[in-house]
Amino acid sequence: MLENRVNYQRELDRILAALPENGAPPTLLLHACCAPCSSYVLEYLSRYFSITLLFYNPNISPAPEYDHRLEEVRRLVSEMPLKNSVTVEAGRYEPSEFTAIARGLERIPEGGERCFRCYELRLREAAQIAKERGFDWFCTTLSISPLKNAQKLNEIGLRLAAETGVRWLPSDFKKKEGFKRSIVLSEEYNLYRQNYCGCVYSKALAGKSV
Ligand code: SF4
């Protein structure tokens, strides 16, 4: 049976076209996984939103790798010309939060249930902060990667939006050549491009994932 897939890029196009053209830009809490993925998404979305980039990634191991990815995000934002304001915030770094959700799923290949829980862990934090601080929208850069499940990411985002009352900005950033553009921007800004997704399990497969 064919899966009924939603085109979330089209959903995003529809929302962006309906945003008011005048007045202060709406606020977006954007979860960021790394600088390369953030590059294209910031170039694209900072035309429409005032953005707070939330680096909340307790899945990343080891700690020096986490620090390096965060520093690259900060450097990118300081160097890139962006239309509206973009500020970077580091979330908590408590690797035990990731270990807890991954328990029992350590041996599952990348792209399975462990990853879905990892998406939710990070999106839940973003949704909660967006709610507490009154953001208009929340979103994540994660859908730009061809290895991330955009359907699942958007299903989780929509569910959290229903729970928190903050609007989810749907996305599938790899469409419209977003992933290719992120590679061009990564070269232009000489960004560190990791060769594994983030957790210790994906590190064991380094070279086969991004
Ligand atoms: S492979 Fe990536 S998305 Fe999946 S659990 Fe590990 S860090 Fe999270």
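Because the model is predicted, local features need pLDDT of at least 70 and side-chain atom pairs count only at pLDDT 80 or more, while totals for chains, interfaces and linings use all residues. Residues are numbered from 1 along each chain as its sequence is written, and side-chain values use heavy atoms, with hydrogens and water left out.

Let's start with helix H2, residues 35–45. Helices (H or I, at least four residues) and strands (E, at least two) are DSSP runs, numbered from the N terminus. In H2, 10 of the 11 residues are buried, meaning under 20% relative accessible area; exposed is over 50%, and partly exposed lies in between (1.4 Å probe, protein chains only). Among the buried ones are Cys-37, Tyr-40 and Leu-45. Their cover includes helices H1, H3 and H7, along with strands E1, E2 and E3.

Let me pick out Ser-39, which belongs to H2. Is Ser-39 buried or exposed? Ser-39 counts as buried because its relative accessibility is 0%. Leaving aside residues up to four places away in sequence, Ser-39 touches Leu-76, Met-80, Ser-182, Leu-185, Ser-186 and Leu-191; contact means heavy atoms within 4.5 Å.

Now to the ligand. The residues around the ligand include Asn-59, Phe-98, Glu-110, Cys-118 and Ser-202, where near means that a heavy atom of the residue lies within 4 Å. Which helix gives the most to this shell? That would be H5, residues 113–133, with 4 residues. By class, the shell has 5 nonpolar, 2 polar and 3 charged residues. Here Ala, Val, Leu, Ile, Met, Phe, Trp, Tyr, Cys and Pro count as nonpolar, Asp, Glu, Lys and Arg as charged, and the others, Gly among them, as polar.

Next, Lys-203, in helix H8. Lys-203 counts as partly exposed because its relative accessibility is 40%. Lys-203 touches Ser-61, Pro-62 and Tyr-196, again not counting residues up to four places away in sequence. From Lys-203 to Cys-118 is 85 residues in sequence and 15 Å in space, C-alpha to C-alpha.

Last stop, the largest pocket. The lining of the largest pocket divides into 9 nonpolar, 3 polar and 5 charged residues. Thanks, everyone!
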